[in-house]
Amino acid sequence: MIRYLAFLAALLIAISSSAVPLSAQETSLANVQLSDPVQEAKAKELMESLRCLTCQSQSIADSDAEMAEDMRHLVRTRVQAGESSDEIRNWLVERYGDYVSYSPDVIGPNWPLYAIPGLLLLVGIALFLRRLRGRS
Amino acid sequence: MKRAIFFIPLAMFTLFVGIASYQLTQPKDDAVPSRMVGKPLPVFELPAGRANGVPVTNADFTDGKPRLLNIWATWCLPCIAEAPQLEALKEAGVPIVGLAIRDTPEDIAQFLETHGDPYTGLAIDQRSMVQLGIGSSGVPETFVIDGKGIIRHQHIGDIRERDIPILLQELEDARR
């Protein structure tokens with residue numbers, strides 16, 4: 001029952017947040033911390049793992065670029081509205097691709113990057129063991 | 001035959017250096033393409049960019065006519081370079097809706113007086129919310145929107161003379 005209610009609440013939030021028009025003329029939250037420390041910590045963590053699109057090698061938490069400010073505003077506004085970090089990250093990835101995220105999917109087109117070092121290590125160990133056996 | 005095996009590491013090394021030096025000679029591509037091409041505009045309503053203007057909403061793009069959506073700003077230098085090309089597009093009969101990023105009506109009025117006013121609709125996106133919503137990562141960028149409000153094409157950077165036929169063709173394709 002509780003689970004069902006939670007699901008219903010999540011659904012309502014999702015519906016209401018997707019129906020809100022993008023206009024957001026209120027004061028920028030780019031450099032203003034959220035009053036709830038838990039939410040602020042969540043926003044901070046997320047901002048540190050999102051790439052600034054105009055400065056490119058900085059996270060939006062690190063960058064003074066105005067676009068990074070607007071992205072911080074977006075992150076804080078959405079965190080405040082109760083969206084999860086994954087939802088916000090996915091929203092951005094949907095628009096800019098994996099490029100915008102500093103925590104890429106391991107499973108996906110990147111998997112050889114993670115698999116090859118392991119394979120090479122195994123080959124190395126196998127070669128080493130064969131050498132050892134050959135000597136004795 | 002046994003000898004040949006010793007050359008494998010050298011061959012791999014040469015291949016690696018070859019690929020790396022080839023990549024170094026290639027120009028760096030900083031453009032971040034939008035994934036929103038083929039998808040509808042987000043729901044939005046932005047305040048007018050002119051003193052006597054009207055707000056711009058996503059519904060303005062669904063009257064059946066393809067349009068250009070120009071992301072620009074008065075503080076953006078390439079936007080000045082782009083102004084004559086937008087003027088040429090306007091003369092070709094293309095409706096252009098401008099979204100000025102982090103801008104003020106005063107600055108906009110001054111810019112349009114100096115560099116011409118190609119816009120059929122103009123609004124201010126103070127917090128880049130619509131810009132982020134359509135996957136644009138800088139100014140200027142220009143999107144072709146079809147008559148149903150679907151994003152059909154993204155042009156990154158200022159429009160040059162050679163881009164005009166491409167944009168006109170994209171607008172023509174968007175009619176279908």
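Modeller: Let us begin with confidence: pLDDT is the predictor's confidence in each residue, from 0 to 100. This is a predicted model, and on that scale chain A averages 83, with 79% of the residues scoring at least 70. Over residues 15-20 of chain A the pLDDT is below 50, and this stretch has 1 contact in the model beyond near neighbours in sequence. Where pLDDT is low, the predicted coordinates should not be read in detail.

Colleague: What pLDDT does chain B average?

Modeller: Chain B averages a pLDDT of 94, and 99% of the residues score at least 70. For the model as a whole, the scores are ipTM 0.84 and pTM 0.79.

Colleague: Why is the link of A:Cys52 and A:Cys55 called a disulfide?

Modeller: The rule asks for a pair of cysteine sulfur atoms within 2.5 Å; the sulfur atoms of A:Cys52 and A:Cys55 are 1.9 Å apart, so the pair qualifies as a disulfide. With 95 degrees about the S-S bond, this link is right-handed. Over all chains, the structure holds 2 disulfides.

Colleague: What makes B:Arg102 and A:Glu66 a salt bridge?

Modeller: The definition needs a side-chain nitrogen of Lys or Arg within 4 Å of a carboxyl oxygen of Asp or Glu. The side chains of B:Arg102 and A:Glu66 meet at 3.6 Å, N to O, and therefore the pair counts as a salt bridge. Across the interface of chain B and chain A, the rule finds 2 salt bridges, and the count of residue pairs in polar contact, both at pLDDT 80 or more, is 5.

Colleague: Which elements of chain B supply at least two residues each of the side that touches chain A?

Modeller: They are β1 (45-46) and α4 (129-133) of chain B, and the largest share, 5 residues, comes from α4(B). By residue type, the side of chain B that touches chain A divides into 12 nonpolar, 9 polar and 7 charged.

Colleague: How do you know how many residues of each chain are in contact?

Modeller: Contact requires heavy atoms within 4.5 Å, and by that cut-off 28 residues of chain B are in contact with 25 residues of chain A. The area buried between the two chains is about 2100 Å², of which carbon and sulfur atoms give 60%. On the side of chain B, the residues that lose the most area to chain A are B:Arg127, B:Met129 and B:Leu132, together 33% of what that side buries.

Conventions
Residues are numbered from 1 along each chain as its sequence is written. Chains are lettered from A and ligands numbered from 1 in the order in which they are written. Side-chain values use heavy atoms; hydrogens and water are left out. Buried area is the accessible area (1.4 Å probe) that two parts lose on being put together, summed over both. A polar contact is a pair of N or O atoms within 3.5 Å; within protein, one must be able to donate a hydrogen and the other to accept it, and residues adjacent in sequence count only if both atoms are side-chain atoms. Helices (H or I, at least four residues) and strands (E, at least two) are DSSP runs, numbered from the N terminus. Ala, Val, Leu, Ile, Met, Phe, Trp, Tyr, Cys and Pro count as nonpolar, Asp, Glu, Lys and Arg as charged, and the others, Gly among them, as polar.
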